[in-house]
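The following paragraphs lead the reader through one protein chain, from its overall layout to single residues. Please keep the sequence and the model in view while reading.

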Amino acid sequence: MSQLGSCLDQATAYIKKLKERVDELQQKRTSAQLMVAGMRGGGSASTLAATATSGGAKSEEAAQEAVDLEDPVVEVVHHHDDGSSLDVVLISSVERPFKLHEVVTVLEEEGAEIINANLSVAGRKIFHTIHCRAFSPRIGIEVSRVSERLRVLV
């Protein structure tokens with residue numbers, strides 16, 4: 001009987017240590033999410049900060065929801081090596097995804113030919129990466145105009 005009690009005590013202590021470790025990792029994740037939100041300049045950083053300070057599992061869920069509800073990200077990167085190609089990176093939540101056909105239409109109207117498009121989902125986020133080149137390398141693609149038009153889609 002005493003051996004059984006000793007094993008139960010050890011198991012209980014181990015479970016408590018695991019719970020502490022989970023809580024510690026959740027706090028680190030929340031801090032990392034705060035940093036990401038702050039670097040993006042997203043408006044939900046204050047919401048995330050408020051939920052992070054309250055602690056507990058419910059605040060972790062609220063923090064995750066705040067990150068998921070962030071404004072979508074639109075980045076257009078122009079390649080300087082040849083000047084006629086660009087990459088478009090779009091990040092959205094599964095609740096408010098981009099309409100890919102609208103993105104493709106904008107790119108084609110702005111003189112881009114799509115070479116490759118990738119989509120991946122991580123958690124509640126959707127990541128699109130689109131590699132393009134100009135239909136006419138002499139004319140090129142006006143990155144600021146593409147970026148502006150894609151932001152309007154959001």
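Is L86 buried or exposed? L86 is buried, with a relative accessible area of 0%; here, buried means under 20% relative accessible area, exposed over 50%, and partly exposed in between, for a 1.4 Å probe and protein chains only. The model is a predicted one, in which local features need pLDDT of at least 70 and side-chain atom pairs count only at pLDDT 80 or more, while totals for chains, interfaces and linings use all residues. Residues are numbered from 1 along each chain as its sequence is written, and side-chain values use heavy atoms, with hydrogens and water left out.

The chain holds 5 helices and 4 strands, and from the N terminus on they follow the order α-α-α-β-β-α-β-β-α. Helices (H or I, at least four residues) and strands (E, at least two) are DSSP runs, numbered from the N terminus. Of the 154 residues, 30% count as buried. The accessible surface of the chain comes to about 10,100 Å², and 56% of it belongs to carbon and sulfur atoms; such areas come from the Shrake-Rupley method with a 1.4 Å probe, and for residues only the protein chains shown count as cover. Among contacts (heavy atoms within 4.5 Å) with a separation of 6 or more, 55% join residues 24 or more positions apart.

L86 belongs to strand β2, which is mostly covered, as 8 of its 9 residues are buried. Two strands pair if DSSP finds at least two bridges between them. Strand β2 pairs with β1 (residues 73-78) in the antiparallel sense over 6 bridges, and V73 stands opposite I91 of β2. Strand β2 also pairs with β4 in the antiparallel sense, over 9 bridges; there, L90 has H128 in β4 as its bridge partner. L86 and I130 are 44 residues apart in sequence, yet their C-alpha atoms are 8.4 Å apart in space. Leaving aside neighbours within four places in sequence, the contacts of L86 include V76, V77, I130, C132, I141 and V143.

The next element to consider is helix α4. Which residues of α4 (residues 100-109) are buried? They are V103, V106 and L107. These three cover an arc of only 95° around the axis, which puts them on the same side of α4; the arc is that of the directions from the helix axis to the C-beta atoms. An α-helix has 3.6 residues a turn, so residues three or four places apart point the same way. On the other side of α4, H101 and E109 are exposed. The cover over the buried residues of α4 includes β2 (85-93), β3 (112-122), β4 (125-134) and α5 (143-153).

E110 is buried, with a relative accessible area of 14%, and, not counting residues up to four places away in sequence, touches I141, R145, V146 and R149.

A contrast is found in helix α1 (residues 2-40), which contains I15. I15 is exposed, with a relative accessible area of 56%. Together with Y14 and L18, I15 forms a nonpolar patch on the surface, with about 330 Å² of accessible area in all.

Terms used:
Patches are made of residues with over 30% relative accessible area and no salt bridge: like charges are joined within 9 Å, nonpolar side chains (Val, Leu, Ile, Met, Phe, Trp, Tyr) within 5 Å. A salt bridge is a side-chain nitrogen of Lys or Arg within 4 Å of a carboxyl oxygen of Asp or Glu.
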